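Please read the points that follow with the model open. They go from the overall fold to single residues.

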Amino acid sequence: MVTGEGGGPAVQSAGQPRTHIRSLLSDGDYLRIWLVGGIAGVTRWLEMLATGIFAYETTGSPALVALIPLLRLAPMAICGSAMGAVADRLDRRVVLKAGIVLSWVTMIVMLGLALFDAIAYWHVAVASGIGGIFWTMDMPVRRRIVGDISGSTRLVTAMSLDSATNNATRAIGPLAGGFVYETLGLVGVYALTSIGFVLAFGLTMGIRTRGDILEADGPSSGLRSAVSQFSRDLSAGFRFAIRDQPVRWVLAVTVVFNVWGFPVMSMLPVLGKERLSLDPSEIGFLAASEGLGALAGALFLANRPPPERRFAVVYYGGVLLYVTIVIVLAGLTSLPLALLGLTVLGFATAAFSSMQSTLIYTIAPPEMRSRIFGLLALCIGSGLFGLANIGLMAEVAGVATALAVVGLQGLAAMGILALIRPKGPIIPPARLP
């Protein structure tokens, strides 16, 4: 995710966000890595919405619909922490470029299959898993570069702006995905995503090195050094997380969101067709309402960042609101009310995601940040259990029942986390201004 210049604390004055936004967007390196995130987000959500609709149309199975994003999350669960260790030992720009190339090759293969009308569900499933490898790089690699470039004084604004952009892509991507799938099919979907990755790769070519900030935190003798230090770096990250109570709690909240929150979005194609009788474009509009709510929330936090001592409250409150709205969504059969509910859901997502990066960056010491971000990616990967949970439940009992049960499970988990919250401050006083 992120680090500040010189390893300083992640703080900024609440009165300076607009100045920091102008400063960040006038910084060529930040602008490039920010745009890479925006392009990657649009292609990701466009593809996920379109392939979800394709999966439901071809199989009629909510479980198989949920399997598509489950496979996309699987690399985070399998190698999220490993990616953090690799990011500590190799030039992060090179790792990011490799991920973009892998994604582009995958999209070109899928485009060829779609052009010859030879594409099948299993092709989409495999491509989703490969796409998850690049997604796994976002936390320990791309978002780490965001913070490397932004520095400690602009960190909250940089992370909120990056989060706002990601949330905007969750509106733009589904809107485009529903429209393109309805008009051009998977040919159009994979053609657009292929072009997107070409643009992203071109942007990474312009990111400059600033001393050793963007390269490696450890000895930079290439891949051999990364391999030799791999297990040591992994175990160090796990040991730190186990003994540091605030880090454990922040990671636990992430697990709750990704097991009982995020998987709800995978059911939108099922909800749209089964409960609301929507066409693909309308399903895209439904999904985009969540992204628009998240964008509004992230922009609000970027312009009015909370005091540092309230970061954890905003973080926890976002997840609590999210799982509560999931229960409300279970009973809705009206499109306007569903749009309103998903907009509020998006606002809750913004509260969670904006504070997630900042809390981890602030709590973890500089030498541990990439490894803890890797563990954060691993916790995000726990969403595959949530996807399996909601997919199988929707298959057996219907999507409405699945949403209600998942929301109640999430509320129970958040109640437990409220009881075991660290007694002292989440952010050590020494890291506050």
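1. Basis. This is a predicted model, in which local features need pLDDT of at least 70 and side-chain atom pairs count only at pLDDT 80 or more, while totals for chains, interfaces and linings use all residues. Residues are numbered from 1 along each chain as its sequence is written, and side-chain values use heavy atoms, with hydrogens and water left out.

2. Overall fold. The protein has 16 helices and 0 strands; helices (H or I, at least four residues) and strands (E, at least two) are DSSP runs numbered from the N terminus. Of its 433 residues, 62% are buried. Buried means under 20% relative accessible area, exposed means over 50%, and partly exposed lies in between, with a 1.4 Å probe and protein chains only. The accessible surface is about 15,700 Å², and carbon and sulfur atoms hold 69% of that area. Areas come from the Shrake-Rupley method with a 1.4 Å probe; for residues, only the protein chains shown count as cover.

3. Contacts along the chain. A contact is a pair of heavy atoms within 4.5 Å. Taking contacts between residues at least 6 apart in sequence, 88% join residues at least 24 apart.

4. Helix H2. H2 runs over residues 28-59, and its 32 residues span 46 Å from first C-alpha to last, close to the expected 46 Å at 1.5 Å a residue. The expected span is 1.5 Å times one less than the number of residues. H2 is mostly covered, with 24 of the 32 residues buried. At its start, a side-chain oxygen of Asp27 comes within 3.0 Å of the backbone nitrogen of Asp29. After H2 comes Gly60, with a positive phi near 70 degrees.

5. Ala288. This residue belongs to helix H11 (residues 280-303). Is Ala288 buried or exposed? Ala288 is buried, because its relative accessible area is 1%. Leaving out residues up to four places away in sequence, Ala288 touches Arg170, Ala171, Pro174 and Leu175. Ala288 and Arg170 are 118 residues apart in sequence, yet their C-alpha atoms are 6.2 Å apart.

6. Charges over rings. The charged end of Arg170 sits over the ring of Trp45, at 5.9 Å from the ring centre. The charged end of Arg421 sits over the ring of Trp249, at 5.7 Å from the centre. The criterion is NZ of Lys or CZ of Arg within 6 Å of the ring centre and within 35 degrees of the ring normal.

7. Aromatic pairs. The whole structure contains 9 aromatic pairs. Tyr315 and Phe352 form a stacked pair, 5.2 Å centre to centre with 15 degrees between the planes. This pair links distant parts of the chain, with Tyr315 in helix H12 (residues 311-329) and Phe352 in helix H13 (residues 335-363), 37 residues apart. Rings of Phe, Tyr and Trp (its six-membered ring) pair if their centres lie within 6.5 Å; planes under 30 degrees apart count as stacked, over 60 as edge-to-face and the rest as tilted. Tyr315 and Phe352 are both buried. One aromatic cluster is formed by Trp249, Phe257, Tyr315, Tyr316, Tyr322 and Phe352.

8. Thr136 lies in helix H5 (residues 121-136) and is buried, since its relative accessible area is 1%. A polar atom of the Thr136 side chain lies 2.7 Å from the backbone oxygen of Gly132. Asp138 lies in helix H6 (residues 138-150) and counts as buried at 16% relative accessibility. The side chains of Asp138 and Arg142 are joined by a polar contact of 2.6 Å. A polar contact is a pair of N or O atoms within 3.5 Å; within protein, one must be able to donate a hydrogen and the other to accept it, and residues adjacent in sequence count only if both atoms are side-chain atoms.

9. Most residues other than glycine have a negative phi. Asp117 has a positive phi, near 55 degrees; Asp117 is in the loop between helix H4 (92-115) and H5 and counts as exposed at 70% relative accessibility. Ser277 also has a positive phi, of about 55 degrees. Ser277 is in the loop between helix H10 (268-275) and H11 and counts as exposed at 61% relative accessibility.

10. Ala412. Ala412 is in helix H16 (residues 399-419) and is partly exposed, with a relative accessible area of 46%. Its C-alpha is 9.9 Å from that of Val256, 156 residues apart along the chain.
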